Structure formats: structure tokens, C-alpha cells
Amino acid sequence: MSFPITPLSPAEVSAAIARLKVRKAPGYDLISGKVLQELPPTAVVLLTTLYNSMLRLSYYPLLWKFAQIIMVPKPGKPTHEVTCYRPISLLPILSKIFETLLMKRLQSDVDLSHQIPGYQFGFRPGHSPIQQAYRVVNKIVTSLEERTLCTAVFLDIAQAFDKVWHTGLLYKLKATLPGPYYLLLKSYLTDRYFQVRYNGTYSDCHEVKSGVSQGSVLAPLLYLLFTADLPTTNYTTIATFADDTGLLAVHRDSAVASQRLQSHLILLHNWFVRWKIHVNPAKSAHITCTTRHATCPPVFLHTTPIPAKYDVKYLGLHLDRQLT
């Protein structure tokens, strides 16, 4: 049993509408931010009543769970291949406003800082990719100064946001969030549909059976909660920024460093299998950072070796063996 979510006020809704970026493309309903900013006070009160009904009933309207996908061609790519397009998801702006207000309520009622681990720096206030990159580089620099070996793996998570397992996510939300938030997010995740629009032509509607909605306000938080229980060890360092995942192990003996890294990879592989997350070993990278003429033995994800490279790219930084 939990207290109901505090109702929204017309002032909160009006302030959220005022902060809208008018150049944002509208969803299928064609209701733009500019239209909403011209609403009279009476309409804002009616919209607030609708939002509060959603909070009270723990129900997310079906029409606000419909996404229109726009296919944007990638520069310099052939136009006859589907993989050469970047899909952009357009959601109704009225839905995004409610998500923004719900996020504020959630942050005030739940201490999310204790739900999300300290090594996760993505989509969190007070955290940035620069700070996470500094954390990784500082670990490597310390090992170089002590003339030890720092072996690291950077994993490539395939379609991380699009492949979130709904059943597993709801299981974790039920254990993490108060009842009213869980029931509302359960309604939010179920019965979602999308349609592709290209050159004025529309595809059939299809149900979204996995993933968190691209372009939604709640999607980053839902992904962070889904991956909040990544296994850790006392002898390795894990660094994540959303789905960008790095593991580091330091030791004077190359075999011991790789063994520590391999032990952590085994734990992660079991976790990935359990929660239906796919990792692409061929696109992942293994690197040894040291000033010595030594290289750590290879490591594997399940039975697939992770390619050893002289330099890797992480959060926009190119890291080589000696950080040059």
C-alpha cells in the first residue's frame, strides 16, 4: 500500500507548456507546442483534470502511446537499403508534457539516487560524460604511474534501448517504485503501437513488444532502472554511461589482471542472458594500457573472444596503450 500520487495543479501544467520548444515536430495528432501555448486558462484546467484522472486511475491513454516513425536517410548512404536510414520517433506532445510532470513527481517521492548505482553517469543530474571519462582515464593513469597493467574491455550493447524486456523491466519497477507509479508505468509500457511514415506513405500499425520509447521523457530513467543491478566485483572497476559499458582490472601480473576481468565478464554474461540483453563481442574491444612491453591474455564473452585493439573509443575519447 502506498499513498496516491499528489495531484497536479493548473500552474504546473501551464509552466510545462510554457517551456515547450515550439520547433519540435508534433506527433500523429499534429498538436504542436505553439498550439498548446495558445490555449486559454479554461483549456489548461481541463487538461489538468485529464492528467489527474490518469494519476488517480493509473491509466495511460491508448492514443498517447502511438508513435509515428520518420525515416531520415543517413548522409552518403544508398537510399535503397533500410539500414541506411535513421528512424526518428514522434510522440504526441501532450503525452510528453505528462511524462515531464510525472518525472518531477517521481523524483520528489522516490530517492532515485539510491536506486541507480554510483558508476552509472548517464542521464543523471550532477553527472556528465566528461566526469565518467575522467574517472576511467584517472584509473589508467594511476596504473601507468605505478607501472602495473590495466586491462580494459568496452562492450557494445546491441540496440540497448530498443530491446529492453518489458516483463523484466516491470518486475524491477514493482520491486523499486511505489504501487501507484508501478501501475501507471505498467499501463504506459503495454499496448504501445507505431507506424512508419515515408514520402507520404504509411505502413500498417505494429505493436511495440520490447524497448523503451525513443523520444520519450521517461525512457532514459526506465533504462537506468532496468540496468541498475549490473553485477560488480571488488577487484574490477565498472564505468557506464547509459549503455556504454567499460570494465577495468589492474594488476602487476598480466595473467591475474585478465583473470579478474574474465571473472567479471562471466558474471555479466549470465546477467545479460537472464535479462535478455544482447552484446556484440565482435564490436566490443579489449585493450591493455601499460608502459611495459607486455600484453594481457585475451578475454572472452561466453565462448567468443573479444578483439584486442591498440586503441579504443569511449565517450568521445580515443584511448591507446599509453594514453598518448
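Here is a short tour of the core, the cavity and a pocket in this predicted model. Residues are numbered from 1 along each chain as its sequence is written, and side-chain values use heavy atoms, without hydrogens or water. Local features need pLDDT of at least 70 and side-chain atom pairs pLDDT 80 or more, while totals for chains, interfaces and linings use all residues.

**Stop one: the core.** Select Tyr 51, Leu 102, Leu 173, Leu 222 and Phe 272, which touch the most other members of the 64-residue largest nonpolar core. Such a core joins buried Ala, Val, Leu, Ile, Met, Phe, Trp, Tyr and Cys residues through side-chain atoms within 4.5 Å; buried means under 20% relative accessible area with a 1.4 Å probe, protein chains only. Next, colour helix H4 (residues 93–109; a DSSP run of H or I, at least four residues): H4 gives the most to this core, with 8 residues.

**Stop two: the cavity.** Now show Gln 120, Tyr 223, Trp 271 and Phe 272, among the residues lining the largest cavity. A cavity is a set of points on a 1 Å grid over the protein atoms alone where a 1.4 Å probe fits but cannot get out, and lining residues have an atom within 4 Å of a point. Its volume, the space filled by probe spheres set on the points, is about 70 Å³.

**Stop three: a pocket.** Finish at Ile 69, Pro 87, Asp 162, Phe 194 and Gln 214, which lie nearest the centre of the largest pocket. A pocket is an open set with protein on both sides within 12 Å along at least five of seven lines. The largest pocket has a volume of about 790 Å³ and is lined by 28 residues.

How values were computed: Buried < 20%, exposed > 50% of the residue type's maximum accessible area, 1.4 Å probe, protein only. Helix = DSSP H or I, 4+ residues; strand = E, 2+ residues; numbered from the N terminus.
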